[in-house]
Amino acid sequence: MRRVRSPIDINRRTLLSTLALLPALPGTTVAVTAQTTAPGDVLPSWREGPAKQAIFDFVRATTERASPTYVAPDERIAVFDQDGTLWVEQPMYTQVVYCLERVPAVVEIKPELRNVEPFKTVLSGNREAMAQLPLRDLETILAATLTGMTVEEFQSEVSRWLETARHPRWNRPYTELTFQPMQEVLRYLQSNAFKTYIVTGGGQDFVRVYAAKTYGVPPEQVVGTAGTTKFGYGRDGKPLLTKEPKLLLNDDKAGKVEGIHLMIGRRPIAAFGNSVGDREMLEYTRAGQGDLLAMLVLHDDASREYAYGPAAGLPDSKIGTFTPALYDEAREQGWTVISMKNDWDRVFAFEA
């Protein structure tokens, strides 16, 4: 990977930008001293090659005090997209699945919605029909399932759902479908005094429920699409926050950069993504000074996960779109494209 030393659809994010509208464990203490072990020892699920070496070289260049591109711990900021970068996003975003499965509970409270579209279609269980719902109908569902409740009620509902929900392909909890190689990168950076952030187009409150346990990233280091909350008092007189259907931050594309400034206040020196929704975040990182790392995950392994692009001649997808233009920009700008098929020795922790 080239070093940088001078300044210089349901559409995935459109849909996920509505998620926060519609409504722990502490972070791991990290050491400041850089690891000096070989790449194979710290990234065991990665195959030897340029992608793995780029990560190792970047950490060494930014954390060894003798390096001319040494970065002080306070400035070691790494940002990760979530869907498609840290865990599976096909055949449907996890939070969208949650919203669809919450419809029966909403209808139970509001039975007048039972014969009203799009709730009627969702209650039918016809997955093909649900897949054809227009964005406006999905926004209606999201509004009904993600707002009008307290923050604590929302967190409890998501936690309960995650305990029982299973992915249709692997029949495993969604939180088990994180990519083991990316988990290793998170831990490697955290052990070298990097502060790791999840910067996602998904709902900020949704991801904060499980980020600490799943990724070792505390809630305050999750930046996502966010809706407003309203302060008030419950029936018991205690103060509370209620989720409202009003957009505060659309953490998509350019919005990711705006969210980074708003929530983090520092330019990252490492950024990881997998789609056109992450382009601006990588561009912003790449425009910084010093030794920088920009990486994109290419889903090109249909047997172990999924294959979609349409970059590199892969099938097109409205979810996690990786266009030929993005692929070309990565090559021109010196970003590293990670081939799931060629660079990862295993995809999931549960693989033998």
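# Structural briefing: a predicted single-chain model

The accessible surface of the chain comes to about 15600 Å², and carbon and sulfur atoms account for 50% of that area; accessible areas come from the Shrake-Rupley method with a 1.4 Å probe, and for residues only the protein chains shown count as cover. The structure is a predicted model, in which local features need pLDDT of at least 70 and side-chain atom pairs count only at pLDDT 80 or more, whereas totals for chains, interfaces and linings use all residues. Residues are numbered from 1 along each chain as its sequence is written, and side-chain values use heavy atoms, with hydrogens and water left out.

**Overall composition**

- The chain contains 14 helices and 7 strands, these being DSSP runs numbered from the N terminus (helices: H or I, at least four residues; strands: E, at least two).
- Of the 352 residues in the chain, 55% are buried (buried means under 20% relative accessible area, exposed over 50%, and partly exposed in between, with a 1.4 Å probe and protein chains only).

**Helix packing**

- Two packed helices are described by the angle between their axes and the distance between the axes.
- Helix H4 (residues 94–109) and helix H7 (residues 135–146) have axes that come within 9 Å and cross at roughly 70°; axes are lines fitted to C-alpha atoms, for helices over the stretch in contact, and angles run from 0 to 180 degrees between N-to-C directions.
- H4 is therefore roughly perpendicular to H7 (angles under 35 degrees count as roughly parallel, over 145 as roughly antiparallel, 65 to 115 as roughly perpendicular and the rest as oblique).
- The crossing of H4 and H7 is left-handed, a term used if the near helix is turned anticlockwise from the far one by less than a right angle, with right-handed used if clockwise.

**Backbone features in loops**

- Most residues other than glycine have a negative phi, and most peptide bonds are trans.
- Gln90 and Pro91 are joined by a cis peptide bond with omega about -5°, and Pro91 is found in the loop between strand S1 (77–80) and H4.
- A cis peptide bond also runs from Gly309 to Pro310, with omega near 20°; Pro310 lies in the loop between strand S6 (293–298) and helix H13 (324–333).
- The loop between S6 and H13 also holds Ala312, which has a positive phi of about 60° although it is not a glycine.
- Ala312 is exposed, because its relative accessible area is 57%.
- Ala193, likewise not a glycine, has a positive phi of about 65° and lies in the loop between helix H9 (180–190) and strand S2 (195–203).
- With a relative accessibility of 9%, Ala193 counts as buried.
- Pro218 is found in the loop between H10 and strand S3 (222–233), and at 5% relative accessibility Pro218 counts as buried.
- The C-alpha atoms of Pro218 and Arg208 are separated by 7.5 Å, the two residues being 10 residues apart along the chain.

**Salt bridges**

- Side chains of opposite charge can pair when their charged atoms come close.
- The structure holds 11 salt bridges, each being a side-chain nitrogen of Lys or Arg within 4 Å of a carboxyl oxygen of Asp or Glu.
- Glu48 and Lys52 meet through their side chains in a salt bridge of 2.8 Å, N to O; Glu48 counts as exposed at 60% relative accessibility, whereas Lys52 counts as buried at 2%.
- A salt bridge of 2.9 Å, N to O, joins the side chains of Arg60 and Asp57.
- Both Arg60 and Asp57 lie in helix H3 (residues 50–63), 3 residues apart, about one turn of the helix, and Arg60 counts as partly exposed at 35% relative accessibility.
- The side chains of Lys243 and Asp205 meet in a salt bridge of 2.6 Å, N to O.
- Lys243 lies in strand S4 and Asp205 in helix H10 (residues 204–215), so this pair ties together parts that are 38 residues apart in sequence.
- Lys243 is buried, with a relative accessible area of 4%.
- Asp81, Lys256 and Asp278 are linked in a network of salt bridges.

**Nonpolar surface patch**

- Phe231, Tyr233 and Leu241 form a nonpolar patch on the surface, with about 350 Å² of accessible area together.
- Patches are made of residues with over 30% relative accessible area and no salt bridge; like charges are joined within 9 Å, and nonpolar side chains (Val, Leu, Ile, Met, Phe, Trp, Tyr) within 5 Å.
- Leu241 is placed in strand S4 (residues 239–249) and, at 37% relative accessibility, counts as partly exposed.
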